[in-house]
Amino acid sequence: TTVVVNGTASHAIPSTLYGQMFEDINGGDGGLYAELLQNRAFQQVTPGDATALYAWAAVNGGNITVIADSDPVSSALPNSLQLTIPSGASGSVGFGNEGYYGINVNSSWTYNASFYYRFPEASDFSGDATVALQSASGEVYASAQIPISGSQTTWTQVYAQLTPSTSPSSTANNFTVTFNSSAAGNTINFAMFSLFPPTFKNRANGMRIDVAEARYIALLTLQILLMRPSFFRLPGGNNLEGQSAATRWIWNNTVGALVDRPGRVGDWGYINTDGLGLLEYLYWCEDMEMEPFMAVWAGYSLDGTSLPEDELAPYIQAAIDQINFVIGDPSDSSAAALRASLGREEPFSLTYVEVGNEDFFASESYIYRWRDFAGNLTAAFPQLKFIATAYPFNPILDPTPQQYDNHVYQTPDWFAENSFYYDDFERNGTYYFQGEYAVTSTNASDLYGTTADGRLMYPTIQGSIGEAAYMTGFERNADIVFAASYAPLLMNVADGAYQWTPNLVEFDAANAYKSTSFYVQQLFSLNRGTEYLPSTLPDPSGTVFWSVTSDSSTLAIKLVNYANTTEDVTFQLPFAVSSSATVTVLTGDPTASNTPTNPNLVTPTTTAVTIAQAFNYTAPAYSLSVLNIELS
Ligand code: AHR
């Protein structure tokens, strides 16, 4: 293969080209959001039901139940945990929480613990609650005393800091609250527990950090940073939509004090705390230097119901309010004033707003839903760009969308065979966001089936190289493809903790693992360049694909070989170049995956190579090679 590169750029690479799609699936609560206690506020559970106690257990004979409190801590949190310490109890009696599939106890961290309590009946008890981090067998790693008064019949919030004396290798640990025998016979109600490790940029109620110490690598933030995403799509995905309109993601239920957030039954089979709410997302985007791509609910829910047109008005107003919460002026919008009252006067930066998610599932009703949502939102916010989620130009929408979000989950072969997907799209002023894509299966007839039927548990080299082939098409077509994000992003690998496979980054209570697709995303993102240099076109039905981009002083060549044999490629460059270049190569057995038990099976290697203006390079089988070349 010979690739002749043209020295005149055909188009710019948009600064938004590579980013991340995020929703609460497989790892928002218990993952990115740093709260360590699961079911911390008994949100959305049925009082009295044993399942209402999920993640909680009694310690040493404490009687616990979730009650509908006659005087709840807030109207958003009607349920409390009621503890009765039996008369005659001895030893430490109370309850514990097992966290989200474990709790990472790290002696270099200070944990902030808190809860609310009240006595339903005044008592003369005066003593301490002991809060602790301990192993499943009761070895105490950290503890603190919190004074508790039986005269406290109204809710009060109490705090403690926990600094473990050691860092156990196991994450099978509990957070416990116990009382000694002086409390025997008392009944105490508790609400809204919290246990936070240090967070990224020390944000209160923030994200899991990137401290890389010994084996305690809570790397989620770092993994995402390492890919240097330009944007963050939020809050879904399906998780925006609700299984019904009533259970949709409602922006104003996700802001303000944590006790004022009711949580919701999310779309992925578990309860969302909504602790990771709109304001947290926005701060996170700023902290990570990512642009938010924010979705608004658009009248369609996953039960297949589209609201009739004459019922849309309050939801359009809710979307206007949501946008005003982000960018509005506090002096003329109550939503913006709410933002200011929460400590953020200045608007956030926002350009792209997505209207719904995957509305190709209800494209008939999207005709009026898009008209009413996009029409009114464009009138209210002419400076913003609205993204449609139906199939491009099918149906015809009015106002004509300037942006479409396109999703594809497919096989490795499909991705390799479709690297020219965008080449034939008309250049008519419409821009495309590949808002979700991933190889999900090797079985084209069962893309969302079981692993026994070809579904991938983790990305594989064959799949990741297929994705890389497809991504070369984003760059060649970056005059119309303005953004792209793999999906989903995160996966808690504990049994029962994930809803979808494969994902970009896997994690457990203590560690994070980079998949082969992570490396593909990282290599494309870090080497995206600012301009696209046209070159000899690859054979669309072949197995070798490339993209050449430049910035002021360097060329980046991404070369993808989706064949099980090596490929010799001759490059003819348009400029004199430095003879010393580097090549970073990701390659491996096509079925190879990085897994929690073998997380570094396949990692990219970077070596120095000597090149000239014309040079030969041999691409390994199933590989992505990124050549970084300096202009001389
Ligand atoms: O990424 C997983 C899901 O795939 C998203 O929630 C949805 O938009 C798509 O169907």
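Leaving aside its neighbours within four places in sequence, with which residues is Glu 291 in contact? In this predicted model, Glu 291 touches Thr 16, Ser 230, Phe 231, Phe 232, Thr 351 and Tyr 352, where contact means heavy atoms within 4.5 Å. Glu 291 is found in strand E19, residues 291–296. Helices (H or I, at least four residues) and strands (E, at least two) are DSSP runs, numbered from the N terminus. Glu 291 and Tyr 409 are 118 residues apart in sequence, and their C-alpha atoms are 24 Å apart in space.

The model is predicted, and local features need pLDDT of at least 70, side-chain atom pairs count only at pLDDT 80 or more, and totals for chains, interfaces and linings use all residues. Residues are numbered from 1 along each chain as its sequence is written, and side-chain values use heavy atoms, with hydrogens and water left out.

Phe 232 is one of the residues with the most contacts inside the largest nonpolar core, which has 112 residues. Leu 278, Trp 284, Ile 323, Phe 386, Phe 474 and Leu 624 are also in that group. A nonpolar core is a set of buried Ala, Val, Leu, Ile, Met, Phe, Trp, Tyr and Cys residues joined through side-chain atoms within 4.5 Å. Buried means under 20% relative accessible area, exposed over 50%, and partly exposed in between (1.4 Å probe, protein chains only). Another core lies apart from the largest one. It has 44 residues, among them Phe 115, Ala 129, Leu 133 and Ala 160. Beyond four places in sequence, the contacts of Phe 232 include Gln 20, Phe 22, Trp 284, Glu 291 and Leu 489.

An oxygen atom of the ligand is 2.7 Å from an N or O atom in the side chain of Tyr 409. For Asn 357, the corresponding distance is 3.0 Å. A polar side-chain atom of Glu 436 lies 2.7 Å from a ligand oxygen. Taken alone, the ligand exposes 280 Å², and the protein buries 94% of that. Accessible areas come from the Shrake-Rupley method with a 1.4 Å probe; for residues, only the protein chains shown count as cover.

Ser 515 sits in the loop between strand E27 (512–514) and helix H9 (516–526). Ser 515 is buried, with a relative accessible area of 0%. A polar atom of its side chain lies 2.7 Å from the backbone oxygen of Leu 504. Beyond four places in sequence, Ser 515 is in contact with Pro 459, Asn 503, Leu 504, Glu 506 and Asn 594. Its C-alpha atom is 8.4 Å from that of Val 602, 87 residues apart along the chain.

Lys 558 belongs to strand E30, residues 554–561. Lys 558 also counts as buried, at 0% relative accessibility. A polar atom of its side chain lies 2.7 Å from the backbone oxygen of Asn 527. Its contacts beyond four places in sequence include Glu 475, Phe 545, Leu 624 and Ser 625.

Ser 625 is the bridge partner of Val 585 in strand E35. Strand E32 (residues 580–587) runs antiparallel to E35 (residues 623–630), joined by six bridges. E32 also pairs with strand E33 (residues 605–610) in the antiparallel sense, over six bridges. Pairing requires at least two bridges found by DSSP. Thr 582 stands opposite Ala 608 in E33.

Key
A polar contact is a pair of N or O atoms within 3.5 Å; within protein, one must be able to donate a hydrogen and the other to accept it, and residues adjacent in sequence count only if both atoms are side-chain atoms.
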